[in-house]
Amino acid sequence: MNNQKKLAELFYYTFSLLLIIFFYIILIFPKSAQGQEEYYEPGEYNIQIKGCQPIYGEYNAPLKILFLNLNDAPYYSELVNDIIHNQFKNIEPFKYFFDSTSFYSLDISSLRNINEEIKSECKIDDLRAIIKIVIRESEYEGFAGEYALIGTQLQNDVSQYLSTTGNYTPLHEIAHLFGLSDLYQSQIKLDGSAIKVSKDYLTQALNVDNPGCTKWCRDYKPVSQYNQTSASKCIQISDKETCITYNRNSLGICDYENTFPTCCVWSDTPFNYFDSRCIPAYDSENIGLNCSDGTGCYLGGDHSNNAFRPVLTKEESIMMNQRKADGFDPVSEKALTNILRCCLTEYAYDEACTNFRINYSNLLSSSNNYSYYNFNRRIGSCGKKLIEEDSSNQLVKCEAVFPDICENIFREDIEALYNLGVINGYNDGTYKPFNYVTRGQIAKFLVNSFNLEKDISCIPYPDVQIDHVFYNEIMTLKCKNIAKGYTDGTYHPQREITRAEAVKLIVNSMKTSGIEIDLENYVNDVYPDVPPSHTFNSYISYLTKIKVDEIQVIRGYSDGTFRPTQPIDRGQTARIVNFATIATNNLS
C-alpha cells in the first residue's frame, strides 16, 4: 500500500514538473526561440548574394535591386541602364541613396518558377530582402505584386522606345513594393454606387490618409464649408435617385468640369466626414488646413474607407501618373526618404527613425493590415526576421482577389472589374486568366462592364436556348445591335471569340453607351496583318488610337502584328474591357 502511495506521489510531482516546463516554454521562453518574428537592428542587413555579381554598385550595399530578364525582353539592357542612371541616380529621394544601392541582373525563363531560378543562380539567403524587377515583352507597362513587372515592346529605335515607355513606371512600381499607394482617381460606376476596394489597405499606406489628412495636415475645414465646387452639392442630396442622376446624362455618364467629374456616388451607410450617403465621385476641393508645403487634402477615388490624397493633378506625382509627372509629391517623397534613411543606414538610432522603423516594420510584416500589394516584407534592416533556419525563404501568400492572378500582368484590371461587380470568377475561387473567352462569356463581360440594360425583346438565336446561362446577356447584345451572330442566324456561344471579334463588340458597346464614333475615319494600316481591307480594320484602329492616361487601349504585339484571328484570353479581355469602359467615361 505504501509503495502504491509513493508511486502516486511520484507520478503527481513528475506530471506537475512537466506541466511547469510546458508553460515555461509556451509563455516565458523567448519567442525568438520558437521561430517567432523579432525586429532587426539598424545596420543588420545580413543579405548575401553569393552566385551573382552586381552590374553596378557595391556587393554589400544595403538596398539590392535584382533585374530579371524574362525570355530576352526587348531593349532589356537599354531599359536597365535607363532605370539605373536616369531614374535612381536623378530622381529624389532615390538619388540621395544611390551609393547605398546595388543592381544585379539575371536571365530567367518563367514567372511560375521565378524564386527557384533566383535561388539556384544567385544563391540569395533571403528572397524577401531584395527588390525584384521583372522585364518582359508585353504591350502593358507596369504591375506590382511580389515583384515589379515592366513590359517592353520592339519599336523602330531605342530612343523612341525609352521616350515612350511610361517614363517613371519602374519607380512607380518600386514605390508600390515599398508600401506606397496610387493616388487614386475615381472610376465612376454608371449606376452611381461607390467603388469599393476589396482589401482594407489604403489608409495603411504612407501617402494617403483618412479625412483631414492628419499625416501631413494640422487641421481641416468643417464639412459646412465644403462648398467650392459643383460636386460639393452632392453632400446636400438625401435621396438615392437624385444622387445618382446628378450631373449625369441619360446613360449615366458623368459630366466633367475642368477635367474633373462632377457627379455623385451613393452608399447605404453614411460616409465619414461628410455625414452623408451621397458624396462626390471625385473632387478638386481641398479640405486640408496648415498642410505641408505643396500638399492639400483631396477626396480620392476609394470610397470604402475615405482615402484622401495630398495632391490634385496628374502632373504633381509619379504615384498619380508616371507619364506626366517628373517627380514624387511631397508626401510620397517624405515616406520614401524615411524608408531609405531609416532602413538603409546603421546610424538610424534617432527618435524619429526609431518610431518610424517600428511602425514600418509592423506594416511590412502584416498581411492583414496591408494586403493589396504583396510588397517586400523586409527592406534593409526594416521588417522582422524569423529565427528558424529555413524560414527566411518562405514566401508570403498572395492575397489577390483570385489566387491564380498574383503574378499576372493584368491583375490590376481583373481586380478593377471584380470591384465593379463585372466578374466573379469560377466556382473554385479562381479566375483562370489564360483561359480563352467564349462568345457567351464576352456577352457577360460587356453587359456588366457597360451597364447595358437587359433586353430580350428581339428574335432569339436558334442555338441559344432560354435556359442558357448567358441567355439574357447574349440577347441584350443582339437586341441592341452590338452583335449580329453568323450568317446562318446562329451565335455559337461556346465558341472561342477571336481578338478581332472581341474588339468589334467592345467598340459597338461603346457606341451603344453614347460615344459617337465614325469608323470610316479610322481605316488605316497600323498593323500589317490587319490591312485596310480587313473586315475589322476600323474597329481595331479605333481602339489602337484612343488612350487612357496616355496609354493606348490596345497596342498589338512586339513584332508589330495584332493577330486578329487568335483567340483572346480572360486576362487580355479584362485589360481591354477595363480600359474601354474608362475611355467611355472620359469621352462622354
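Predicted model: local features only at pLDDT ≥ 70, side-chain atom pairs only at ≥ 80, totals over all residues.

Colleague: Why are H12 and H14 called roughly parallel to each other?

Modeller: The axes of H12 (residues 499–512) and H14 (residues 570–587) cross at roughly 20 degrees. Angles under 35 degrees count as roughly parallel, and H12 and H14 are therefore given that label. Their crossing is right-handed.

Colleague: Which residues of H12 and H14 meet?

Modeller: From H12, Arg499, Ile506 and Met510; from H14, Gln572, Ile576, Val577, Ala580, Ala583 and Thr584. The residues of this contact divide into six nonpolar, two polar and one charged.

Colleague: What makes H7 and H8 roughly perpendicular?

Modeller: The axes of H7 (residues 330–343) and H8 (residues 351–365) come within 10 Å and cross at roughly 100 degrees. The range for roughly perpendicular is 65 to 115 degrees, so H7 and H8 qualify. Among the residues making the contact are Ile339 and Cys342 of H7 and Phe356 and Tyr360 of H8. By class, the contact of H7 with H8 has eight nonpolar residues, one polar and two charged.

Colleague: Why is strand E4 described as mostly covered?

Modeller: Buried means under 20% relative accessible area. Five of the seven residues in E4 (residues 131–137) are buried.

Colleague: How do you know that E4 pairs with E2?

Modeller: Pairing needs at least two bridges, and five join E2 (residues 63–70) to E4, the two running parallel. Leucine 68 stands opposite valine 134 in E4. Five bridges also join E4 to E6 (residues 148–152), again in parallel, with glutamate 137 opposite threonine 152 in E6.

Note on methods. Residues numbered from 1 in each chain as written. Heavy atoms only, no water. Axes fitted to C-alpha atoms, helices over the stretch in contact; angles between N-to-C directions. Helix = DSSP H or I, 4+ residues; strand = E, 2+ residues; numbered from the N terminus. Parallel < 35°, antiparallel > 145°, perpendicular 65-115°, else oblique. Left-handed = near helix turned anticlockwise from the far one by under 90°. Contact = heavy atoms within 4.5 Å. Nonpolar A, V, L, I, M, F, W, Y, C, P; charged D, E, K, R; others polar. Buried < 20%, exposed > 50% of the residue type's maximum accessible area, 1.4 Å probe, protein only.
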